[in-house]
Every structure is written in structure tokens, then in C-alpha cells.
Amino acid sequence: MQLIFNFLLVTGAIVHAYDSSNIGWDEAYSQANYDLQKLNLTEKVGIVTGMTWKGGPCVGNTYAPDSIDYPSLCLHDSPLGIRFANPVTAFPAGINAGATWDRSLMYARGAAMGAEAKGLGVHVQLGPVAGPLGKNPDGGRNWEGSSGDPYLSGVAMEETIQGMQHAGVQACAKHWLGNEQEHNRETISSNMPDRATHELYVWPFMNAVKANVASVMCSYNKVNGSWACESDDILNGLMKNELGFRGYVVSDWNAQHTTVNSALAGLDMTMPGSDFNVPPGSIFWGENLIDGVVNGSVPESRLDDMVTRILAAWYLVGQDKAYPEVAFNSWDGGQARVNVTDDHNSVARAVARDSIVLLKNDAHALPLQRPRSLAIIGEDSIVNPAGPNACSDRGCNKGTLAMGWGSGTSEFPYLVSPLDAIQNRATKEDTKIVSSPTSDTTAAASAAAAVETALVFITSDAGEGYITVEGHAGDRNHLDPWHYGNELVQSVASANENVIVVVHSVGPIILETILAEPSVKAILWTGLPGQESGNALVDVLYGTTAPSGKLPYTIARKQSDYGTRWLNSQTDDFMEGLFIDYRHFDENDIVSRYEFGYGLSYTTFEYTRLAVSVFTTSGPSKGPIIPGGAADLFESVGTVSIIVRNSGIVAGAEVAQLYLGLPDSAPATAPRQLRGFQKVNLHPGQWSQAVFELTRRDLSYWDVEQQKWVVPSGSFTAYVGSSSRDIRQEETFIIE
């Protein structure tokens, strides 16, 4: 078997093409302060309030002041492409970016999205997402983020933001904070323990702030009883003071509840158009904020701080230099006056391809080797007959699943279905194709019986709570495959001894019924792959590229094993604390079906020569606050390295993963926590050294009493391997 290995040279080209020399915050603030002196009260309030719903071409539009050369700011969805506009690239979802475990692809995806946003005149692209983090496996919007692990999520946030902002668009990290479900999202209180808040939910936002993200969107829910967009604790205290955030906080639509309290608590911009479901002009700022400043209930210095932050973010990414005008209108079909897609389909295909996770591959069922005949079975194998954009905000589950539903979507310029891509390949190899693109089990069995190998496509969808699809109000009601996927596989397995299952899903599904079928030889998890879905799948199915994706979450044997799910309640007390996803499984010795970080290849890898060099002392964080937190948290304090060798016969990529176990002096900590990863591309027999740089933050836990990140004293363990449970080498080291 010969594989053609792709070293992603195109990705490297994209990285260099979008690299720019943006100014720093200090210079941006200097220019913003100069402009501030020219603005009158009405103009300042216009900048922080904006126009009414549909008052401009974008989903959010601010007022353009007359006194300075500053435009109406265009704020626009979404975190995987440009919503309500066409043509644009429909990129793979955030969860697929996470599943690549590839920093360069995360950056390239962000840079390509940023280039399209800038080309269309969008100033603020509302993404990427680290909230929800994904503590609940059935959470409706988990797929917009990149992982249920804060470290992996943080890396994805940082790389995506840098890519977007180097391309010239302002990124907006969302949703801050504790927005972990869609049910009751506008009323529920996330009552979050302080330590879990920091170590899990704040962690990826630290990376975002460290990457100089221009803006942060606060969420609908309450946090410890206070609205997230009106919480002095999480806006002023945590985001601006503790994390040193220098950009601006913008509300989600309809997430602001007062005029004065929101201003004093640290909200800097009310999302323009937040009057979309009330009489136009019924907003908390605008004239109300002018009155608040005039009567002294809101100091003008607070308004000046809001405006300065917003102007500084605009200068930070160079939007004062010949930035394009908005080239589309969301409300008249979104047809753009320019084509900004360039060659971004290559980035979309690379992310989709390298995020595919091979879960099972018995008897070398994959890659396919010029099969004589194939059955392609299931609704998920074809594009919705009414078209890929037939349902508003993708709010239906017809045809192949390539993105979830809600505001985090975009329009497909095209969608390559699995069937179309496989048929194209089959034509070149004289392979007979039998198609059964329905959930009819009798038809599926008949198709399967007529061929050498049967591919069955199954799905599980989810999205934002304002849309209900097949009884799922955003969050998933269960973790079973939709459209009788289990029964479909069973019927095929009864008629064919060589069955391959392909899963398009927003998150984990329970696979036990499918795995009980001896005829199921292989399972591929493909997530939400975007417009290049079928092409990316064929790359892996036929071995043009060996699969290299790794699970960004755990797949359990039964749903109750997770210990968490969305609640039909007005409070979520986060009783699981630190123990979500693999931390929960490890802490409670629960056997997973496929663990976090798991993923097979068409080749094999050996790990040797683990080396640990750590040079630091125990104690709390200190030093000045910089973007991201205390300065010393991000200082290098050592390295862990290991040799990875391709011991197989084909080229492939392996994700070497570093997990740390903290000393007993760090109370109630998970047995292992991800603290490094590196994807290495290797030809047969080739080896490479994976090096993981450690920072003080990586070695720390949040001490509630000291209100500091603390490096504990005692014996640490470095675990390096191919997944969270496939540990190949380990070594202890002591910090005094």
C-alpha cells in the first residue's frame, strides 16, 4: 500500500501570506486617546450603542461619528465563516479544528476566515468560541468550540485569533462565561466554583487575551447569580484586572439588562441591534446612556474608557489603513460584490481531512484498495435534495451533515457529498457503486447484499436553542445516532461482512450497538467537515493521506458515564467541579469506549527517550499583569521531549501528547491533565523529536485562599503518549 503524504505546504504558504506587523496595545491606545478628545457625548454613545436591528448591512452596526475618520463598525457572525453572505467558504467547525491537533492548521483556518471577513468589509468576526467548553456532552453549541479540554481549547483559541487578526479582522472570543447549555440559557445561573472556573473555563480565555484578542462577548446566562454582561466580578475583576484584557467587552444580543449597572460592571459595547425582538429603539444605552452620563449615574470617564477600548482595538489590527467597505447586505440575500474565497477551499479540505479520526480498523479494512463494488448507504451520504442551504441557519437535518445549526453557521458555496466524491473516485477505478440514500433498513440491506463493501453514514446534530430540530431544542436529547442510525447499521451488517461506518456528528455518540456487530470492521469520525466534506473523506478512505485526527473529547460506553448533562433548571451548580470529560473518567476509573486524544493511523509509531528538564521553584504567581494574567505564568520553566518514530510502512502524522500529574500537595486534582502536544509528520522509518515547552501556568493549580496560581511542591509525573490513556513513557520530577 502506497500513501501520498501531504506535508501541508499550502498551509505554510497561507501562514506567510497573512502574516502582518500589527501595532501593539500601547500605540493603539495612544491613537485612540487622541481621537477621543475630538468626540462629543452623542458620538461616544453612538460608538458603544450602534444602530437598531437591521439598521445596517451587518448583523451589528455601530454609528459612524463625524468628528473623526472612523467608520460604522460591522460586527458579524460566525466562527466558521461569514454568515448571511455569499460566496464565502464554509469551513469545518471549531470542533474539527480541535480534532486536527495541528497548530498550523488552526492558524491557517483563522487566517483564511479573517481574510474573507476583511475582504467583505467585516470589522469584527464573532468568534472563535471557548464557551461552551463542553462540560456537557449533549450541549447544543459544543461543536462551535474546539475541545472539552481547556489546554487544547486554549491553543485553538490563540492560533485562530492570531490568524484572524494578522489578516486584519478583529476577533471576538466568546461566550464569557459559563454558557454550557442552550436550555434556559437566558435565565440560568451558572454557579461556578472558583477553582474550576479558573482551571477549566477561564483557561482558554487566558490564551485568547494573551493573543491580544480585540474583543470578548459576554454570555446570556448568569454567573453566580449575576448576569454575565452585568457582573463586576467577571468583567472588571476577572477579565480586565486579573487577565489584563485591554480590548472591549460586547454583549450578546439581548444579554444586557440595565443601563447603569451594565456600564459600571464593565460592559463596553451593547451588541448593535439588540432591539431585534422588542420595538425598535428600545435599548438600554443610546439616549438612556446619555441621560446616565448627564445625571452623573455613569461617570463620563467610564464612557471614555468604553470608547477608548473600542477605538484601540480598531487601531490594533490596522483597520485605519484603507479598510474595505462592507460588500454585502445580510438582509437582501447577502450576494457579495466581490469574491473573497481565493484558494481557501484547500484550507477547508486540509482541516476536514486531518480532523478525521479513525476509531476502528479491524483486518485492515481501510484504506480501500480498488474495491470491485461499494454500497453507499444513508441519508447522510447525499446533499439535501432541496440544496445545502435550504434550511435557515442550517436548522434541519436533511442530507449530509457538515455543520450544526444556529448563528454559528454560514452559507455553503457548494457542498461535496460523500456519495459524489466516492463516485468520482470509483469511476477512475471501475468500481461499481450501489446507492441507498435513505434510512429504509430493507433498502439498506438489499444494497449491502449486492456489494463487496458497504459504507453506512450516520449522524447526530445539535445547535442553538432558538431553533428546534426533530424535538431537540438546541441541546441534544440523547447521544444516540439520529434517524435510526443504529438500526440502519444493524441491517447492513446482517447483509454484508465488511461494513465501514462513517459518523458525522456534533459531538460524541454512543457506539455500543454498532460495535456489537462483528461485520463492522471500521469506524471513521468525521465531525462537521464543511464544504469539502466528501473530498476530505475520500482522501482518507483511499489512503491518499493517513488519518491523523485525535478525539477532542471522550466517547463513553453509556451516556451516564459522563456524569454531566444539560439541566432543565434555573441553576447549574457545576457539582462536577474540576472533573469533566477525561478528568472525570480518570478520577473515577471509568472505562471509556474511546478516550480523549485517541485516534488510529494506517501506520504505527514508537516512542523512546523521554527527557524532562524543569527549572523552577514552587510558590504563587507574581509579577505585573500582562494580557493573559500574571507575567510569570507564561515564562518558560523547562521542557519535556521524546523521540517519535514511524515504525510502519506508510507515511503518517502522529500527535504526541504530554499529560502532567501534580503532586499530592495540590489538593483534589485530576490524575492527568493535558499540558502539551505536537503533531509530527513522518515517512516510514523516520523519527523526530517532539518537544513540549512548559510554563509556570502548566505546572500550577488555582489556590482559592491565596487567589493565585500556585506551583505546588513535590513529585510531578510527565506522561507522554498517543492518547490520554495510551501512555508510552513516563518520568517523575521534583519541584521544591
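**Group meeting: loops, domains and salt bridges**

Okay, let's start at a proline: Pro128 sits in the loop between β3 (124-125) and α6 (150-167). Helices here are DSSP runs of H or I with at least four residues, strands are runs of E with at least two, and both are numbered from the N terminus.

Quick housekeeping before I go on. This is a predicted model, so local features need pLDDT of at least 70 and side-chain atom pairs count only at pLDDT 80 or more, while totals for chains, interfaces and linings use all residues. Residues are numbered from 1 along each chain as its sequence is written, and side-chain values use heavy atoms, with hydrogens and water left out.

Staying with the backbone: which phi values are positive in a residue other than glycine? Glu470 has one, with phi near 50°, and Asp581 has one, with phi near 45°. Glu470 is in the loop between β13 (453-460) and α15 (485-493), whereas Asp581 belongs to helix α18 (residues 581-587). For accessibility I'm using a 1.4 Å probe on protein chains only: buried is under 20% relative accessible area, exposed is over 50%, and partly exposed is in between. Glu470 comes out at 45%, so it's partly exposed. Asp581 is at 10%, so that one is buried.

Now a threonine. Is Thr62 buried or exposed? It's buried, because its relative accessible area is 1%. Thr62 lies in the loop between β1 (60-61) and β2 (74-76). Its side chain reaches the backbone nitrogen of Leu73 at 2.7 Å. Leave out residues up to four places away in sequence, and Thr62 touches a list of residues including Gly46, Met51, Pro71, Leu75, Met269 and Pro272. Contact here means heavy atoms within 4.5 Å.

On to the domains. The chain is divided into domain 1 (25-317), domain 2 (344-552) and domain 3 (603-735), with bounds from an automatic or database domain assignment. The pair I want to show is domain 2 and domain 3, whose C-alpha centres are 35 Å apart. Their contact takes 4 residues from domain 2 and 8 residues from domain 3. Between them they bury about 410 Å², 47% of it on carbon and sulfur atoms; buried area is the accessible area (1.4 Å probe) that two parts lose on being put together, summed over both. On the domain 2 side, Ala546, Ser548 and Lys550 lose the most area to domain 3, together 91% of what that side buries.

What's the salt bridge count between domain 2 and domain 3? It's 1 salt bridge. The rule for a salt bridge is a side-chain nitrogen of Lys or Arg within 4 Å of a carboxyl oxygen of Asp or Glu. Lys550 forms one with Glu654, with the closest N and O atoms 3.3 Å apart.

Zooming out, the structure holds 34 salt bridges. As a reminder, side chains of opposite charge can pair when their charged atoms come close. Take Arg246 and Asp26, whose closest N and O atoms are 2.8 Å apart. Arg246 is in the loop between α8 (232-242) and β9 (248-251) and Asp26 is in helix α2 (residues 25-36), so this pair ties together parts that are 220 residues apart in sequence. Arg246 is partly exposed at 26%, and Asp26 is exposed at 56%.

Arg372 and Glu452 make another one, at 3.1 Å from N to O. That pair also links distant parts of the chain, 80 residues apart: Arg372 is in the loop between β10 (357-361) and β11 (373-377), and Glu452 in the loop between α14 (441-449) and β13. Arg372 is exposed at 64%, while Glu452 is partly exposed at 31%.

Last pair: Asp561 with Lys558, closest N and O atoms 3.0 Å apart. Asp561 is buried at 10%, whereas Lys558 is partly exposed at 46%. And which residues do shared partners join into one network? Those are Arg141, Glu144, Glu182, Arg185 and Glu464.

How values were computed: A polar contact is a pair of N or O atoms within 3.5 Å; within protein, one must be able to donate a hydrogen and the other to accept it, and residues adjacent in sequence count only if both atoms are side-chain atoms.
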